[in-house]
Amino acid sequence: MDGIIIKGSSDVDESMITGEPLSVMKEIGDQVIGSTVNNHGNLTIEVQKLPSETLLAKIISLVQDAQNQKTGLQKTVDKLSAAFIPLVIGIAITAFLLWFTV
């Protein structure tokens with residue numbers, strides 16, 4: 001859960017979110033992000049966001065949206081392939097029939 005530290009201090013590994021390999025020292029009043037790892041010490045955290053509102057949930061939502069959307073080029077290629085494939089099959093059948101009759 002995302003929240004604020006109200007008691008304690010610790011080194012927190014935020015590499016899952018930030019990509020930074022080094023731990024960050026967090027103390028009272030600092031923000032912590034869900035899915036980070038508390039390396040040393042005890043922390044008491046006041047949760048400020050629902051699970052669906054956390055930074056990790058937003059990142060997951062953005063990635064899913066990006067995967068589900070097609071670009072303009074992809075839409076154009078889909079339309080062309082819908083016409084191109086029957087055309088190629090038609091040409092192949094016509095060529096076969098011509099060669100068969102000859």
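Colleague: Let's start with the rings: how many aromatic pairs does the structure hold?

Modeller: There is 1 aromatic pair in this predicted model, and it is made by Phe 96 and Phe 100, whose rings are stacked with 5.9 Å from centre to centre and 20° between the planes.

Colleague: Where do Phe 96 and Phe 100 sit, and how many residues apart are they?

Modeller: Both belong to helix H3, which covers residues 72-101, and because they are 4 residues apart there, about one helical turn separates Phe 96 from Phe 100.

Colleague: Is Phe 96 buried or exposed, and what about Phe 100?

Modeller: Phe 96 counts as exposed with a relative accessibility of 53%, and Phe 100 is likewise exposed, its relative accessible area being 65%.

Colleague: Which residues form the nonpolar patch on the surface?

Modeller: The patch takes in Phe 84, Ile 85, Leu 87, Val 88, Ile 89, Ile 91, Ile 93, Phe 96, Leu 97 and Phe 100, which together have about 1,100 Å² of accessible area, so both members of the stacked pair are also part of this nonpolar surface.

Colleague: And Leu 97, where is that placed?

Modeller: Leu 97 is found in helix H3, and at 47% relative accessibility Leu 97 counts as partly exposed.

Colleague: Switching to charges, which residues form the salt bridge, and what is the distance between the closest N and O atoms?

Modeller: The structure holds 1 salt bridge, formed by Glu 14 and Lys 26, with 3.1 Å between the closest N and O atoms.

Colleague: Which parts does the pair tie together?

Modeller: Glu 14 lies in the loop between strand E2 (10-13) and helix H1 (15-18), while Lys 26 lies in strand E3 (residues 24-26), so the pair ties together parts that are 12 residues apart in sequence.

Colleague: Is Glu 14 buried or exposed, and Lys 26?

Modeller: Glu 14 counts as buried at 10% relative accessibility, and Lys 26 is buried too, with a relative accessible area of 11%.

Colleague: Last topic, the sheet: what order do the strands have?

Modeller: It is an open sheet of 3 strands in the order E4-E1-E6, and the pairing is antiparallel. Strand E4 (31-32) and strand E6 (43-47) stand at the edges with a single partner strand each, so one side of each has no neighbour in the sheet.

Colleague: How many bridges pair E1 with E4?

Modeller: Strand E1 (residues 3-8) pairs with E4 in the antiparallel sense over 2 bridges, and Gly 3 stands opposite Val 32 in E4.

Terms used:
Residues are numbered from 1 along each chain as its sequence is written. This is a predicted model: local features need pLDDT of at least 70, side-chain atom pairs count only at pLDDT 80 or more; totals for chains, interfaces and linings use all residues. Side-chain values use heavy atoms; hydrogens and water are left out. Rings of Phe, Tyr and Trp (its six-membered ring) pair if their centres lie within 6.5 Å; planes under 30 degrees apart count as stacked, over 60 as edge-to-face and the rest as tilted. Buried means under 20% relative accessible area, exposed over 50%, partly exposed in between (1.4 Å probe, protein chains only). A salt bridge is a side-chain nitrogen of Lys or Arg within 4 Å of a carboxyl oxygen of Asp or Glu. Two strands pair if DSSP finds at least two bridges between them. Patches are made of residues with over 30% relative accessible area and no salt bridge: like charges are joined within 9 Å, nonpolar side chains (Val, Leu, Ile, Met, Phe, Trp, Tyr) within 5 Å. Accessible areas come from the Shrake-Rupley method with a 1.4 Å probe; for residues, only the protein chains shown count as cover.
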